[in-house]
Amino acid sequence: MDSHQHQDEGPATRHRSETTLRVNGKPHTLTVDHRRVLLDVLREDLDLFGAKKGCDHGQCGACTVLVDGRRLNSCLLLAIALDGCEVTTVEGLSGDGEDLHPLQRAFLDRDAFQCGYCTPGQICSALGAIAEASAGHPSHVTDPTAPSGEPVPLDRDEIRERLSGNLCRCGAYPRIVDAVEDVIE
Amino acid sequence: MKTFDYVRADSLEEAADAFAARPGARYLGGGTNLVDLMKLGVERPAALVDISRLPLDTVEELPDGSLRIGATVRNSDLAAHRAVRDRWPALSQAVLAGASGQLRNAATTGGNLLQRTRCPYFQDVAKPCNKREPGSGCGARDGVHRDHAVLGHSAHCVATHPSDMAVALAALDARVELYGADGARSLPAAEFHRLPGDRPEVDTEIRPGEIITGVVLPAATAGVPSAYRKARDRASYAFALASVAVAVGVDDGVVTSARIAFGALAHRPWRARRAEEVLLGAAPTEAAFEHAVDLELSAAEPLRDNAYKVPLARGLALDVLARLTAAART
């Protein structure tokens, strides 16, 4: 465990409380300063460095993780407000085995990154987006006359729109779309 | 960030009591705006009363044909709801035109209405801003104000309200339901937000300690053809430069109902009452639409660098009016 956890250990006080998070299937009970966001707890206390801090203001998507199955910006989530939630980070996608998740494999096969900083967020966001489309969630580019409640087919325009909350400063967008297309086909 | 007390409320009563007992408290919903403002030092709450888990997360179809959307329903669920998409499509479209997939998964219906302006002077504690610090002046009026108001602004504030959702709610005659120490009440969505006047620090008509419990879409606008259109600097994930929500009914060659609200032009969603009045009973022609929209926008008082908003908003409104009435005009 790193030093940050030691800094944040100690009893609950007016400004610190206990919270239990299930992260990648493992429960963690932590006493956290109320100010701490999930992203910092993942990186500093749990040694999970997949989720990245880009802007720290919900504008870049590099910190995207799945909370109770939904993609969220972990930089804007107070850890204390997530008591009892199930968090999945990029480290949790491959399960216990060594095999990569098919979307991780697709990112490698398609060379869908250069520096890789945004990649964990892109992958978690794409998984959330695919689940949303299957559940019938429309997007800004979905035809308004499409039947509501039906799964939305993801063409390239849909993928681009749904991933607009994830910036890639290397500009790997076309290949990111290729990789996502590979796993939905 | 300043330290704060945290309490999670399980009921409305508990939330209101916890808030009243803690001076300087703020309610926490999805946190997408509040937590960000706390990081910026704009918000410095002494306590957060977490209302994100109150049992207000359902969408109910009421017997009279209206639809009640609970305050903690997430923006993405609201936009995907079948009744909303089928009967009040402008609302679904407006929500989907805002923010990103991640943010819409976190942001709540109530929180969306209570989000603060994205004026850069408001968000920077080193700059003057009457909304953040009454009396400190308005940096935007003679500064960087390309994104700012062209209607209803004052010497004290030229900020716009950033919500897309609120624009559709204003056009669709929705009501905002509130709970507070004096019990429950409701307000028209179009009157929920204020113009800045000499008190720009007050964004809405909500009273201290009150909680938004939901919004109700009325039966009167159910099924009326409606749409939302937004212009912005990039194709996705940007705040509006101008936007419009329109619901318009045509029967037997005349306009039988007209509801129009502009976004990003003012401190609140701008309900275009003058345009609506002249459209009622008129034939749905291009000339009638132009006359109505021009009449409304003749009240505009652009700042040095944002006069472009007037023709932009005009074009959006004319396009949506023409599109919604196309079938009735052929």
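Mentor: The secondary structure of chain B comprises 12 helices and 12 strands; these are DSSP runs numbered from the N terminus, helices being H or I with at least four residues and strands E with at least two. The model is predicted, so that local features need pLDDT of at least 70 and side-chain atom pairs count only at pLDDT 80 or more, while totals for chains, interfaces and linings use all residues. Residues are numbered from 1 along each chain as its sequence is written, and chains are lettered from A and ligands numbered from 1 in the order in which they are written.

Consider one part of chain B in detail. Strand E2 (residues 25–28) of chain B pairs with strand E3 (residues 47–50) of chain B in the parallel sense, over 4 bridges; pairing requires that DSSP find at least two bridges between two strands. Within this pair, Ala25(B) has Ala47(B) of E3(B) as its bridge partner. Together with helix H2 (residues 34–40) of chain B, E2(B) and E3(B) form a right-handed β-α-β unit: with the strands pointing away from the viewer, the path from the first strand over the helix to the second runs clockwise.

As for the whole chain, the C-alpha trace of chain B spans about 60 × 50 × 35 Å along its principal axes. Of the 330 residues of chain B, 55% count as buried, that is, 20 or more other C-beta atoms, placed from the backbone, lie within 10 Å of the residue's own.

Note on methods:
A residue is buried if 20 or more other C-beta atoms lie within 10 Å of its own, exposed if 12 or fewer, and partly exposed in between; C-beta atoms are placed from the backbone.
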